[in-house]
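Here are my notes on this model, written as numbered points. Keep the structure open while you read, and click on each residue as it comes up.

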Amino acid sequence: MKLVCCNFKMNLLKDDIENYIKVIHNYVDKNNLIIFPSIPYINDFKQNGFIVGSQNISFNEFGSITGDTSILQLKEMGITYTIIGHSERRKYFNDDIYIKEKINLALNNNVKVILCIGESIKTNEQETYAILKKEIDDAFLNNTNLIKNDNLIIAYEPIWSIGSGLIPDNTCLTNTINYIKDYVFNTYKVKIKVLYGGSVNISNIDSLQEINEIDGYLIGSFSLKPENILDLSTRIM
Ligand code: PGA
């Protein structure tokens, strides 16, 4: 089964989380479901046997960085994964410049990375590839020793698709995912898994499932309702 990653972003409160866990407890395959709640609720999912991740980590392990959370603190909470470089972090928190430090911190601490990349506006394939290439190089250059054993996954998330209800057509998406896999393999000698993220929901999942190259999904707003994730899980067996 493909990976299903639920990115709650800055949503849901305690009652919602308790209900979510109740509904989703019977999820068919907990091994392929990863929940990225806000930090205060990581523990709730962890204690109930879910694989959990953080939506971000600090670029330092410790220090005078008010409001940030260290990978070491998150690891103590039981995270297995962290998202790095989500477009919202790049936009609001200048994360472009910390990508490499964050990846190194996560991998050195045995936390798996989901690295988000994606073009901001819909453009032609060559322009898109140039943007993706740069984002991959920013993350991978001189980091090759760290990128092995399945510990880094790329999430291809066209920014124009996030929250918009629009997704790339299947041909375009297949080509782009193949481009990412081929580029990483040819340049960095790593076979990498690629998730798709951006407006994934019940109405487009069957069509996305036709693309064998997609190794899983990073799902935002649709994942906020546990019933949606149960529904979706029946379609991606
Ligand atoms: P969306 O968000 O599913 O709401 O488009 C995806 C994401 O930002 O990871």
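1. Let's start with a term: a polar contact is a pair of N or O atoms within 3.5 Å; within protein, one of the two must be able to donate a hydrogen and the other to accept it, and residues adjacent in sequence count only if both atoms are side-chain atoms. With that in hand, look at Glu-157: a side-chain N or O atom of this residue is 2.7 Å from an oxygen atom of the ligand. The protein covers 98% of the 280 Å² of accessible area that the ligand has on its own (areas come from the Shrake-Rupley method with a 1.4 Å probe, and for residues only the protein chains shown count as cover).

2. Some housekeeping before going further. This is a predicted model, where local features need pLDDT of at least 70 and side-chain atom pairs count only at pLDDT 80 or more, while totals for chains, interfaces and linings use all residues. Residues are numbered from 1 along each chain as its sequence is written, and side-chain values use heavy atoms, with hydrogens and water left out.

3. Who else is around the ligand?

4. Now for the rings. A pair of aromatic rings is described by the distance of the centres and the angle of the planes. Rings of Phe, Tyr and Trp (its six-membered ring) pair if their centres lie within 6.5 Å; planes under 30 degrees apart count as stacked, over 60 as edge-to-face and the rest as tilted. By this rule there are 10 aromatic pairs. One of them joins Phe-45 and Phe-50, edge-to-face, with 5.6 Å from centre to centre and 80° between the planes. Both Phe-45 and Phe-50 are buried (buried is under 20% relative accessible area, exposed is over 50%, and partly exposed is in between, with a 1.4 Å probe and protein chains only).

5. Stacked or edge-to-face: what are Tyr-179 and Tyr-183? Their ring centres are 5.9 Å apart and their planes at 10°, so this pair is stacked. Because Tyr-179 and Tyr-183 are 4 residues apart in helix 7 (residues 170-188), about one helical turn separates them. Helices (H or I, at least four residues) and strands (E, at least two) are DSSP runs, numbered from the N terminus.

6. The charged end of Lys-30 sits over the ring of Phe-50, 4.5 Å from its centre. Arg-89 lies over the face of Phe-93, 3.9 Å from the ring centre.

7. Have a look at Arg-90 in helix 4. Arg-90 counts as buried because its relative accessibility is 12%. Its side chain reaches the backbone oxygen of Gly-85 at 2.8 Å, and a polar contact of 2.7 Å joins the side chains of Arg-90 and Asp-96.

8. Two backbone angles deserve a look. Asn-94 has a phi near 60°, a positive value in a residue other than glycine, and it is in the loop between helix 4 (87-93) and helix 5 (99-108). With 46% relative accessibility, Asn-94 is partly exposed. Lys-189 also has a positive phi near 60°, in the loop between helix 7 and strand 7 (193-197). At 63% relative accessibility, Lys-189 is exposed.

9. Last, a look at Cys-5 in strand 1 (residues 3-7). Buried or exposed? Cys-5 has 0% relative accessibility, so it counts as buried. Cys-5 and Ile-153 are 148 residues apart in sequence, and their C-alpha atoms are 12 Å apart in space.

Key
Lys NZ or Arg CZ within 6 Å of the ring centre and 35° of its normal.
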